[in-house]
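Colleague: I would like a close look at one part of this model. Please take me through the side-chain contacts there, one by one.

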Amino acid sequence: MSGKANTMQDRFEKGLATIRNALDAAIHDRGVEGSRVDCSIDASGAQSARFSITADGKTEVQNFSREEIEDSGDAIDAPVALKVRMLVSHFVR
């Protein structure tokens, strides 16, 4: 793998972890108990990811593009933060 491709993959992996951490924090902050967060990666050329939250027998899903994920390597930006809040909001009572 070339150095550039390796760096892109590193940014992608860091972005996935950042989004996952933001989801975990939002779930915790909003008191959603007994939830499970899953991530599936589309390995096609687009390499997007689908995060899902399951709680109380209900599952909600949000897709994130490769660009959104890579941009989240250091911190999530406003559009990604909004997606995180929207996904978790389905479980807030």
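**Around Arg66**

Modeller: Leaving out neighbours up to four places away in sequence, Arg66 is in contact (heavy atoms within 4.5 Å) with Met8, Gln9, Phe12, Ala46, Gln47 and Ser48. Before going on, note that this is a predicted model: local features need pLDDT of at least 70, side-chain atom pairs count only at pLDDT 80 or more, and totals for chains, interfaces and linings use all residues. Residues are numbered from 1 along each chain as its sequence is written, and side-chain values use heavy atoms, with hydrogens and water left out.

Arg66 belongs to helix 2, residues 66-71. Helices here are DSSP runs of H or I with at least four residues, strands are runs of E with at least two, and both are numbered from the N terminus. The Arg66 side chain also makes a polar contact with the side chain of Glu70, at 2.8 Å. A polar contact is a pair of N or O atoms within 3.5 Å; within protein, one must be able to donate a hydrogen and the other to accept it, and residues adjacent in sequence count only if both atoms are side-chain atoms.

The structure holds 6 of them, each a side-chain nitrogen of Lys or Arg within 4 Å of a carboxyl oxygen of Asp or Glu. One pairs Arg11 with Asp71, with the closest N and O atoms 3.9 Å apart. That pair links distant parts of the chain: Arg11 is in helix 1, Asp71 is in helix 2, and they are 60 residues apart. Arg11 has 36% relative accessibility, so it counts as partly exposed. Asp71 is partly exposed too, at 40%. The cut-offs for relative accessible area are under 20% for buried and over 50% for exposed, with partly exposed in between (1.4 Å probe, protein chains only).

Lys83 and Glu68 form another salt bridge, their closest N and O atoms 2.9 Å apart. This pair also links distant parts of the chain, from Lys83 in helix 3 to Glu68 in helix 2, 15 residues apart. Both Lys83 and Glu68 are buried.

Phe64 leads on to the aromatic rings. The whole structure has 1 aromatic pair. The rings of Phe51 and Phe64 have centres 5.5 Å apart and planes at 90°, so the pair is edge-to-face. Phe51 is in strand 2 and Phe64 in strand 3 (residues 58-64), 13 residues apart. Rings of Phe, Tyr and Trp (its six-membered ring) pair if their centres lie within 6.5 Å; planes under 30 degrees apart are stacked, over 60 edge-to-face and the rest tilted. Phe51 and Phe64 are both buried.

Last, the core. The largest nonpolar core has 20 residues, and those touching the most other members are Ile19, Leu23, Phe51, Ile53, Phe64, Ile69 and Val84. Helix 1 (3-29), strand 2 (49-55) and helix 3 (78-89) each give two or more residues to this core. Helix 1 gives the most, with 7 residues. Such a core is a set of buried Ala, Val, Leu, Ile, Met, Phe, Trp, Tyr and Cys residues joined through side-chain atoms within 4.5 Å.
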